Amino acid sequence: MGRDKALLSFEGTPMALRVAAALRAGGCSPVVAIGGDSIALQQLELLTISDRWAGEGPLGGVITALEYFADYDVVVIAACDLPQVSAPTVMALVDALVDPAEVAMAVTDRPQPLCAAWRPSAARQLSMAFAAGGRRLLDSLAGLQVSEVVVDARQLVNVNTVDDLPG
């Protein structure tokens, strides 16, 4: 998450705050931003940790989050550029993460691995894929038990620029 994404506003609210609010309302605590412009995110009063593999794509950020929260039962990861994600979606993902699933992933017309509930133990498989040179998160799920949660595509509209904002 670069500075442009961290500070991009949606209806006057930085998108990172909208996503953080949905995570909190969905029962997630604490909510932590991985990577990005830590100064800007801290000004938004978001706790931040450095992405161990900054600039290497989202797979490294997911591994960083899962390792950081290794003692938790469930880690919900939502990209900061999903300003329409909702608390009910977050709760549905958590509810769908039942054994033997290691990931409960949102699915619209395609899989959405950056909106998912994870078992921290999935970090091992993802780390192996990363070490082997893989960088595509979806490809790194091979070998993991994945539960799919159908989500209204309007909730997972990816917004990278002001032109991408709905309406």
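Welcome to this chain, whose mean pLDDT is 88, with 88% of its residues reaching 70 or more; pLDDT is the predictor's confidence in each residue, from 0 to 100. Over residues 1-8 the pLDDT is below 50, and in the model this stretch has 25 contacts beyond near neighbours in sequence (contact means heavy atoms within 4.5 Å). Where pLDDT is low, the predicted coordinates should not be read in detail. This is a predicted model, in which local features need pLDDT of at least 70 and side-chain atom pairs count only at pLDDT 80 or more, while totals for chains, interfaces and linings use all residues. Residues are numbered from 1 along each chain as its sequence is written, and side-chain values use heavy atoms, leaving out hydrogens and water.

**Two helices**

- Helices (H or I, at least four residues) and strands (E, at least two) are DSSP runs, numbered from the N terminus.
- In helix 4 (58-68), 8 of the 11 residues are buried, so this helix is largely enclosed by the rest of the structure; buried means under 20% relative accessible area, exposed over 50% and partly exposed in between (1.4 Å probe, protein chains only).
- The buried residues of helix 4 pack against strand 3 (32-34), strand 4 (47-49), strand 5 (75-78), strand 7 and helix 6.
- Helix 6 (residues 123-131) has A123, L126, A129 and F130 buried.
- Those buried residues fall within an arc of 125 degrees seen down the axis of helix 6, so they line one face of the helix (the arc is that of the directions from the helix axis to the C-beta atoms).
- On the other side of helix 6, R124 and A131 are exposed.

**A buried charge**

- E102 sits in the loop between helix 5 (87-96) and strand 6 (103-107).
- E102 is buried but has no salt bridge, and the nearest side chain of opposite charge, R119, is 8.2 Å away. Lys and Arg count as positive and Asp and Glu as negative; His and the chain ends are not counted.
- A polar atom of the E102 side chain lies 2.8 Å from the backbone nitrogen of Q145.

**Salt bridges**

- The count comes to 4 salt bridges, each a side-chain nitrogen of Lys or Arg within 4 Å of a carboxyl oxygen of Asp or Glu.
- R135 and E56 form one of them (2.9 Å, N to O), linking distant parts of the chain, 79 residues apart.
- R154 pairs with D152, the closest N and O atoms being 2.5 Å apart; R154 is exposed at 61% relative accessibility, whereas D152 is partly exposed at 37%.

Key:
A polar contact is a pair of N or O atoms within 3.5 Å; within protein, one must be able to donate a hydrogen and the other to accept it, and residues adjacent in sequence count only if both atoms are side-chain atoms.
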